[in-house]
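My notes follow in the order in which I went through them.

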Amino acid sequence: HTLSVVGRRAFLFGGCADEDGNPVYLNDTYALDLASGTFGWQKLEVEGKVPLPRWRHTANCISASSLMIFGGIGEKTRYADCAILDTESEVP
């Protein structure tokens with residue numbers, strides 16, 4: 001998983017979970033509004049080309065409204081790709 005702050009929200013992307021002793025790679029995206037005072041994660045419905053499930057990737061804020069996801073490891077491959085998430089256009 002990666003956790004990145006962009007503006008007044010924190011974004012959680014991807015990662016690896018355990019299911020009956022087997023790794024499950026994720027590409028879910030969640031947001032947490034840090035300014036509202038009501039803390040609760042919202043799963044985002046990302047549109048466009050969604051990165052494939054992965055872990056050991058990086059996620060970095062590259063502007064006031066953009067998050068870049070790079071690389072990582074999937075079920076059978078290592079990624080060297082890049083995806084940009086526009087955090088202002090996402091729909092929770």
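How many aromatic pairs does the count come to by the rule used here? I took the rule to be that rings of Phe, Tyr and Trp (its six-membered ring) pair if their centres lie within 6.5 Å, with planes under 30 degrees apart counted as stacked, over 60 as edge-to-face and the rest as tilted. By that rule I noted one aromatic pair. Y25 belongs to strand β3 (residues 22-33) and W55 to the loop between β4 (42-43) and β5 (58-63), so the pair ties together parts that are 30 residues apart in sequence.

Before going on, I wrote down that this is a predicted model, in which local features need pLDDT of at least 70 and side-chain atom pairs count only at pLDDT 80 or more, while totals for chains, interfaces and linings use all residues. Residues are numbered from 1 along each chain as its sequence is written, and side-chain values use heavy atoms, with hydrogens and water left out.

Elements came next. Strands (E, at least two residues) and helices (H or I, at least four) are DSSP runs, numbered from the N terminus, and two strands pair if DSSP finds at least two bridges between them. I traced an open sheet of four strands, with antiparallel pairing and the order β1-β2-β3-β4. In this sheet β1 (2-6) and β4 stand at the edges with a single partner strand each, so one side of each is left without a neighbour in the sheet. I found five bridges between β1 and strand β2 (residues 9-19), which pair in the antiparallel sense, and the bridge partner of V6 is R9 in β2.

I then turned to strand β6 (residues 66-73) and strand β7 (residues 78-86), which run antiparallel and are joined by seven bridges. The two form a hairpin with four residues between them, and S66 stands opposite D86 in β7. Also in β7 I looked up A83, which is buried at a relative accessible area of 17% (buried means under 20%, exposed over 50%, partly exposed in between, with a 1.4 Å probe and protein chains only). The C-alpha atoms of A83 and I69 are 5.2 Å apart in space, although the two residues are 14 apart in sequence.

How many salt bridges does the structure hold? I listed two, a salt bridge being a side-chain nitrogen of Lys or Arg within 4 Å of a carboxyl oxygen of Asp or Glu. One of them joins K43 to D28, with the closest N and O atoms 3.8 Å apart; K43 is in strand β4 and D28 in strand β3, so that distant parts of the chain, 15 residues apart, are linked. Both partners are partly exposed, K43 with a relative accessible area of 41% and D28 with 26%.

The side chains of R54 and D81 also meet in a salt bridge, at 2.7 Å from N to O. R54 lies in the loop between β4 and β5 and D81 in strand β7, so this pair ties together parts that are 27 residues apart in sequence. Is R54 buried or exposed? R54 is buried, with a relative accessible area of 1%, whereas D81 is partly exposed at 32%. I also noted that R54 lies over the face of Y79, at 4.2 Å from the ring centre; for this the CZ of Arg or NZ of Lys must be within 6 Å of the ring centre and within 35 degrees of the ring normal.

My last check was on backbone angles. Most residues other than glycine have a negative phi, yet D20, which is not a glycine, has a positive phi of about 55°. D20 is in the loop between β2 and β3 and is exposed, with a relative accessible area of 75%.
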